[in-house]
Amino acid sequence: MSKRIDINNLNVYYGEFLAVEDVSLSIEPKSITAFIGPSGCGKSTFLRTLNRMHEVIPGARVEGEVLIDGVNLYGDNVDPVTVRRHVGMVFQRPNPFPTMSIAENVLAGYRLNNKRVSRSDADDLVEESLRGANLWNEVKDRLDRPGSSLSGGQQQRLCIARAIAIKPDVLLMDEPCSALDPISTLAIEDLMAELKDQYTIVIVTHNMQQAARVSDRTAFFNIAGTGKPGKLIEMNETPVMFSTPSEKATEDYISGRFG
Ligand SMILES: Nc1ncnc2c1ncn2[C@@H]1O[C@H](COP(=O)(O)OP(=O)(O)O)[C@@H](O)[C@H]1O
Ligand SMILES: [Mg+2]
C-alpha cells in the first residue's frame, strides 16, 4: 500500500494532438499531491495516464514512463486492468450505480476483480470500506437502499468507499468536490487527510484554498494558448508554492490574476 510514483518525460496525445508535453515529476507515498492550473491545461488528461484510463479513448496514447515503486505502468507485460486495481479513481460527479444498493455499490469494483466472496466477508468489507470513507454511521441502518438515495456528499463518500474496497495503492481524484456544497467538501477534505496515512493521493482541484488546505505538494500546469500543449510549470511543497513560487505564471495564477 501507498507507493511512490515517478513520471519521466511523459507526452500525452489524443491522435495527433499533443495535449500534455514532456512532464517529469515525482509523487511521494503517504501524502497528498494537488494538480492545479487553468481549464484545458491537461490536468485530467495527465491524471488519467496514472492508471491507464487515458488509453480507453480511441487514438489516445502516451510516450514516456510512469513508474510505480519502480515498475513502469506502460511496460510490455503490464495488464491495464491490473493497473486500475492498484490505482483507483474518484470522479468529479459522484457516480454510484443508481439502482444498486449502498452495500452492492461498495462491492461493485471488488466483484469485478474477485469471482466469489462469502456473505460474511462481503459484510465485513462493506463495513470496513464505509468506515474508511467516514460514511458508516450515516448509512449502517439502510445498506440495502439504493445508492441514489444518498445526498451528493454521501454519494461521493460512497464512491470513495467503492474505490478503497479494492485496496488500491494510489487514489486519483479529479475535482472530487466540485459538485458538492461547502459542508460536504470539508467532509471529503477531512477524509482525504485521514486516508493519506494509507494511500498515495493525487487530487486535481480548481479550488486554490482546497489545494492549500489539503495537499502536501502542489504542481502547477499551464497552457500557452488554444491548441498548445499543457506543461508542468513548477512543483514544490504546498506552503512554498503558495507563498514564494519561483515562476511568475504560478504567482499570477494563485493570486487570481488569470485563469
Ligand atoms: N477525449 C478527448 N479527445 C480529444 N481531446 C481531448 C479529450 N479530452 C480532453 N481533450 C483535450 O485535451 C486538453 C486538456 O484537457 P483536460 O485534460 O480536460 O484539461 P483540464 O482537466 O486541465 O481542464 C484540452 O485541449 C481538451 O480539449
Ligand atoms: Mg479536468
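By class, the residues that form the shell around ligand 1 divide into 6 nonpolar, 5 polar and 1 charged. Please bear in mind that the model under discussion is a predicted one.

Let me name the members of that shell. Ligand 1 is surrounded by Y14, F17 and A19, by P38, S39, G40, C41, G42, K43, S44 and T45, and by I57. In terms of secondary structure, α1 supplies the largest share, 3 residues.

I turn now to the polar contacts. A polar backbone atom of G40 lies 2.7 Å from an oxygen atom of ligand 1. The side chain of K43 places an N or O atom 2.8 Å from an oxygen atom of the ligand. For S44, a polar side-chain atom is likewise 2.8 Å from a ligand oxygen. How much of ligand 1 does the protein bury? Taken alone, the ligand exposes 570 Å², and the protein buries 62% of that area. The elements giving two or more residues to the shell are β2, spanning 17-27, and α1, spanning 43-48.

My second topic is the cysteines. A disulfide is a covalent bond between the sulfur atoms of two cysteines. With the cut-off set at 2.5 Å between sulfur atoms, the count of disulfides is 0. C159 takes part in none, and the nearest cysteine sulfur to its own, that of C177, is 12 Å away.

Key. Residues numbered from 1 in each chain as written. Chains lettered and ligands numbered in written order. Predicted model: local features only at pLDDT ≥ 70, side-chain atom pairs only at ≥ 80, totals over all residues. Heavy atoms only, no water. Near = heavy atom within 4 Å. Polar contact = N/O pair within 3.5 Å; in protein donor to acceptor, adjacent residues only side chain to side chain. Areas by Shrake-Rupley, 256 points an atom, 1.4 Å probe, with all protein chains shown as cover. Helix = DSSP H or I, 4+ residues; strand = E, 2+ residues; numbered from the N terminus. Nonpolar A, V, L, I, M, F, W, Y, C, P; charged D, E, K, R; others polar.
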